[in-house]
Amino acid sequence: MCPDFIKTKRLVLRPWLFDDVPDVLSYAVDEEWGRYLPVPRPYGETDARRFVATQVLLDRAQHASWSMRHDGHGVGGINIRFSGEFRIGEVGYSVARALWGRGLATEASEAVITHAFEAYPQLVRVRAMADARNVGSHRVLEKIGMLREGLLRQNRLVRGELLDEVWYGVLRSEWLKLARPTR
C-alpha cells in the first residue's frame with residue numbers, strides 16, 4: 001500500500017482530515033481554480049465537506065488520496081486510483097491557483113508515482129487525464145516523464161459541456177530509467 005505520509009522537498013502529503021474543510025474552501029471557491037475540474041459552481045462549504053468526507057472514506061489500498069500541505073496549509077490534493085489487480089494506476093491532482101506555476105503539482109505527482117511503483121510490484125503503468133485546454137497540467141505530466149498517448153474528443157460532460165481529454169501515461173520500465181532526485 002502507498003504510505004499515508006509522503007514528504008518532498010516542499011510538501012507534506014497526508015491523509016485527508018475533516019479539519020481540512022476550511023483549507024479546501026479557501027482555494028475551491030476560486031472559479032478559475034475549478035475551470036478544468038468537474039466541481040460544482042459556485043463551490044460552497046457543503047461541497048467542501050462532501051469532498052473531504054469522500055476522501056476520508058476511500059479505501060486507501062485501492063484509491064489513495066492525500067491533502068497537499070505547503071508551509072502548514074492545505075493547498076490542494078493528489079490521488080492515485082488502482083485498477084486491473086493493481087496493474088494500472090491513475091493519478092489526479094489540483095493545486096490552489098495562488099501557487100500555480102511553482103512546480104508543486106510536479107513535485108507531488110513524481111513522489112506519488114514513485115511510491116506507487118515501489119508499493120505495488122505488479123503495477124505496470126500509471127496514467128493521467130487532463131482537459132485538452134489545460135496546458136499547465138499537460139506541462140506537469142510531460143515534466144515528470146509521461147507521454148501523451150491520445151486525445152479523446154468530447155469524452156467528458158462537465159457542467160453541460162462536452163470536453164476533450166488528453167491522456168498521458170508512463171510505463172514502469174520508462175519510470176525506472178528517468179533520473180530522479182533521491183528522497
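Glu85 is found in the loop between strands S4 and S5, where helices (H or I, at least four residues) and strands (E, at least two) are DSSP runs numbered from the N terminus. The model is predicted: local features require pLDDT of at least 70, side-chain atom pairs count only at pLDDT 80 or more, and totals for chains, interfaces and linings use all residues. Residues are numbered from 1 along each chain as its sequence is written, and side-chain values use heavy atoms, with hydrogens and water left out.

Glu85 adopts a phi near 55°, a positive value in a residue other than glycine. Its relative accessible area of 64% classes Glu85 as exposed; buried denotes under 20% relative accessible area, exposed over 50%, and partly exposed the range in between (1.4 Å probe, protein chains only). A second case is Asp71, which has a positive phi of about 50° although it is not a glycine. Asp71 belongs to the loop between strand S3 (63-70) and strand S4 (73-83), and is exposed, with a relative accessible area of 65%. The backbone also contains a cis peptide bond between Arg41 and Pro42, with omega of about -10°. Pro42 is situated in the loop between helix H1 (21-28) and helix H2 (45-56). Most residues other than glycine have a negative phi, and most peptide bonds are trans.

At the level of the overall fold, the protein comprises five helices and eight strands. Their order along the sequence is β-β-α-α-β-β-β-α-β-α-β-β-α. The radius of gyration of the protein is 16 Å, close to the 16 Å given by the globule rule for 183 residues, so the protein is as compact as a globular protein of that length. The radius of gyration is taken over C-alpha atoms, and the globule rule is 2.2 Å times the number of residues to the power 0.38. Taken along the principal axes, the box filled by the C-alpha atoms is roughly 40 × 35 × 30 Å.

Of the 183 residues in the protein, 46% are buried. Among contacts (heavy atoms within 4.5 Å) with a separation of 6 or more, 63% involve residues 24 or more positions apart. The protein exposes about 9800 Å², of which carbon and sulfur atoms supply 54%; accessible areas come from the Shrake-Rupley method with a 1.4 Å probe, and for residues only the protein chains shown count as cover. There are 27 positive and 23 negative side chains, and the centres of the two sets lie 3 Å apart. In this count Lys and Arg are positive and Asp and Glu negative, whereas His and the chain ends are not counted; the place of a charge is taken as NZ of Lys, CZ of Arg, CG of Asp or CD of Glu.

Helix H4 (residues 135-143) has Ser137, His138, Val140 and Leu141 as its buried residues. These cover an arc of only 160° around the axis, which puts them on the same side of H4; the arc is that of the directions from the helix axis to the C-beta atoms. The buried residues of H4 pack against strand S5 (88-95), helix H3 (104-119), strand S6 (125-131) and strand S8 (161-171). The face of H4 turned away from this buried side carries the exposed residues Arg139 and Lys143. Just after H4, Gly145 takes a positive phi of about 105°.

Not counting residues up to four places away in sequence, Phe51 touches Trp16, Val24 and Tyr43. The C-alpha atoms of Phe51 and Leu178, 127 residues apart along the chain, are separated by 34 Å.

Leu151 lies in strand S7 (residues 147-158). Apart from neighbours within four places in sequence, the residues in contact with Leu151 are Ala132, Asp164, Glu165 and Val166. A separation of 26 Å is found between the C-alpha atoms of Leu151 and Ala96, which are 55 residues apart along the chain. Leaving aside neighbours within four places in sequence, Leu162 is in contact with Gln154, Arg156 and Leu157.
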